[in-house]
Amino acid sequence: MEIDYEKIGLKVGLEIHQQLNTSTKLFCNCKPELFKEKPEITFLRRLRPTQSELGQIDPAAYFEFQKGVKILYEANVKSSCLVEMDEEPPHPLNMEAVEIALTAALMMKAKPVDEIHVMRKTVIDGSNTTGFQRTCVIALNGEVKVREKKVPIQHVSLEEDAARKIGEEEGNIIRYRIDRLGIPLVEVATAPVINLPKEAEEVALAIGRILRATGKVKRGLGTIRQDLNISIKNGALTEIKGVQELELLPLVVEYEVQRQLNLLKISKELRENGVKEEAIKEEFFVVTNVFKQTKCKVIRKALDRSQQVFAVKLPKFKGFLKWELVPNFRLGTEMADRARFWGRVGGIFHTDELPAYGITAEEVEELREAVKAGEQDAIVFVADNPENAQDALKAVVERAREAIKGVPEETRAANPDGITHYMRPRPGAARMYPETDIPPTQITRNYIKQISSHLPELPEQKLQRLMKEYALNQKLARQILDSDYGELFETIIKESGVSPTTVAAFLTETLKALKRDGVQVNKVSEDQTREIFKSVSAGELTKEAIPDVVIWLSEHKDKNVQEAINDLGLKVISESELKTFVEKVIVDNKRLIQERGEGSFGILMGVIMRSFRGRVDAALVSKVLKETLTEILK
Ligand SMILES: [Zn+2]
């Protein structure tokens with residue numbers, strides 16, 4: 001489907017969350033590190049709604065409470081203390097994190113606030129032991145330049161990361177690990193000025209580069225997360241959370257546009273067919289009898305557990321539930337997502353996809369009679385306990401009513417394939433209130449001046465410098481800039497004198513290729529990489545043999561480069577050894593040389609290189625061979 005994004009009025013804003021590489025967490029002295037081992041501490045909590053400082057009970061919090069959810073938190077001593085457990089007030093704001101956020105903000109020309117006020121943002125999914133997330137604005141109104149466009153930065157904030165979900169268990173228990181809770185995040189929010197899917201990726205990349213240029217951010221998957229807000233004309237503002245891969249952003253935007261356009265078409269057709277919101281009734285039928293003999297495994301299992309089948313009629317909805325919004329995702333899927341969230345059910349069945357799943361045409365016919373449905377009506381049903389089933393069908397009814405109106409405002413979560421799913425309703429505006437345990441932090445002019453005086457190079461400047469100073473082409477310079485190795489690259493050049501292009505190509509393309517082949521390149525330390533290039537520069541190792549050394553080192557813990565060279569037999573042969581060998585090759589190939597003269601050079605070069613795989617420098621072979629050959633031909 002070709003989409004004219006200008007015509008449909010696409011507007012996208014980005015929120016980038018990047019973990020900072022500080023020595024302690026944002027509000028305590030714990031190490032900002034995740035652990036893989038068994039937890040040393042576990043504790044169980046229940047969410048309980050209370051009046052907020054503003055005197056209201058959050059309806060969403062109340063709903064979660066009703067579900068009776070229990071949360072099992074896991075911790076170890078190194079990465080969490082009483083602060084993360086909400087047994088002790090937070091300590092003052094981590095100034096190391098403030099300085100990094102201010103640095104990034106100033107690089108984006110944002111104006112720092114005079115005083116930092118920590119705020120609480122209600123979070124009720126258990127990912128924060130407190131029931132809120134602490135956040136504070138650091139600077140306002142900046143900009144980043146992407147191609148020729150100035151993208152306004154609305155604010156740069158500092159936040160505490162949330163606990164990470166480990167799993168869900170039977171009996172409504174959710175497990176969270178609080179090692180991640182309190183790790184400082186910088187949040188950068190753009191104005192909704194992005195008008196093309198691809199532009200979302202470009203803007204995120206530009207902001208990511210500035211954040212990395214501070215040299216103080218964490219690297220690797222999970223350390224950066226992108227949220228988007230997307231809207232089109234006549235559609236609705238959708239918030240999409242948690243896109244981890246930059247390359248996925250354009251697809252997420254494209255899918256969201258397709259989803260909204262299809263929802264608008266559905267709405268138009270439903271209205272043209274005269275479908276009314278009030279015609280969709282919260283009238284639920286118990287239709288367990290229809291499925292007494294069913295071959296459908298899901299329903300069978302539910303009935304064996306003495307659960308029931310509940311159904312609701314959606315008048316004149318026949319065919320609309322199977323309408324594909326994005327690949328393999330239909331209006332029926334939207335309803336199922338809602339039913340799962342609000343009704344805690346595994347899923348729903350609807351007549352647009354039947355007969356299937358072991359449900360027969362006869363059963364569908366009987367079902368139609370049981371709920372008095374006409375030919376043009378759709379029926380949605382679910383097998384569960386009465387409370388869950390009715391909550392699920394209520395959510396289905398609500399979603400069906402919204403389908404008549406158009407696109408509902410929602411917060412959605414992105415999957416790794418770019419498809420998004422319902423996460424929760426969009427929160428109201430009054431979700432923030434002051435954190436009374438932390439005094440405001442003054443940001444003095446002198447402090448700003450001091451930070452401004454040693455701002456890191458902007459990525460574009462660094463790119464130009466890499467190209468000029470090291471004679472790198474733009475592609476390689478860009479790759480170095482975007483890699484984890486910008487600093488290492490410059491160090492290696494300084495101490496080894498190996499050609500910058502060789503080092504850059506190794507750090508980007510060679511390492512990437514090795515990784516693709518399954519080599520665990522991250523097991524080779526920066527110090528070892530520096531040793532490798534020192535050996536090359538000392539003439540002890542050839543450039544060609546570098547990958548073999550990296551593979552060997554990745555497989556041999558605590559060994560050094562010298563040991564790799566010895567073990568692999570990569571000791572570079574001397575020039576005199578090489579000469580002797582070249583002379584022998586020339587004697588062996590006398591006839592070839594007589595026939596082809598200088599034209600035999602390429603073949604001989606190949607023979608010699610193969611014999612000394614990785615143990616001799618190609619340039620040296622070329623030189624020696626050329627000299628010897630010229631002499632003989634003379
Ligand atoms: Zn702590």
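**Note on the predicted model**

1. In this predicted model, Phe581, Val582 and Val585 of helix α17 meet Leu604, Val607 and Ile608 of helix α19, where contact requires C-beta atoms, placed from the backbone, to lie within 7 Å. By class, this contact has 6 nonpolar, no polar and no charged residues, with Ala, Val, Leu, Ile, Met, Phe, Trp, Tyr, Cys and Pro counted as nonpolar, Asp, Glu, Lys and Arg as charged, and the others, Gly among them, as polar.

2. The axes of α17 (residues 575-588) and α19 (residues 601-611) come within 11 Å and cross at roughly 130°; axes are lines fitted to C-alpha atoms over the stretch in contact, with angles running from 0 to 180 degrees between N-to-C directions. That angle makes α17 oblique to α19, since angles under 35 degrees count as roughly parallel, over 145 as roughly antiparallel, 65 to 115 as roughly perpendicular and the rest as oblique.

3. Glutamate 201 lies in helix α3, residues 197-213, helices being DSSP runs (H or I) of at least four residues and strands (E) of at least two, numbered from the N terminus. Glutamate 201 is buried because 22 other C-beta atoms lie within 10 Å, the cut-offs being 20 or more for buried, 12 or fewer for exposed, and partly exposed in between, with C-beta atoms placed from the backbone.

4. Overall, the chain has 20 helices and 23 strands, and buried residues make up 36% of its 634 residues.

5. Residues are numbered from 1 along each chain as its sequence is written. Local features need pLDDT of at least 70 and side-chain atom pairs count only at pLDDT 80 or more, whereas totals for chains, interfaces and linings use all residues.

Terms used:
Two residues are in contact if their C-beta atoms, placed from the backbone, lie within 7 Å.
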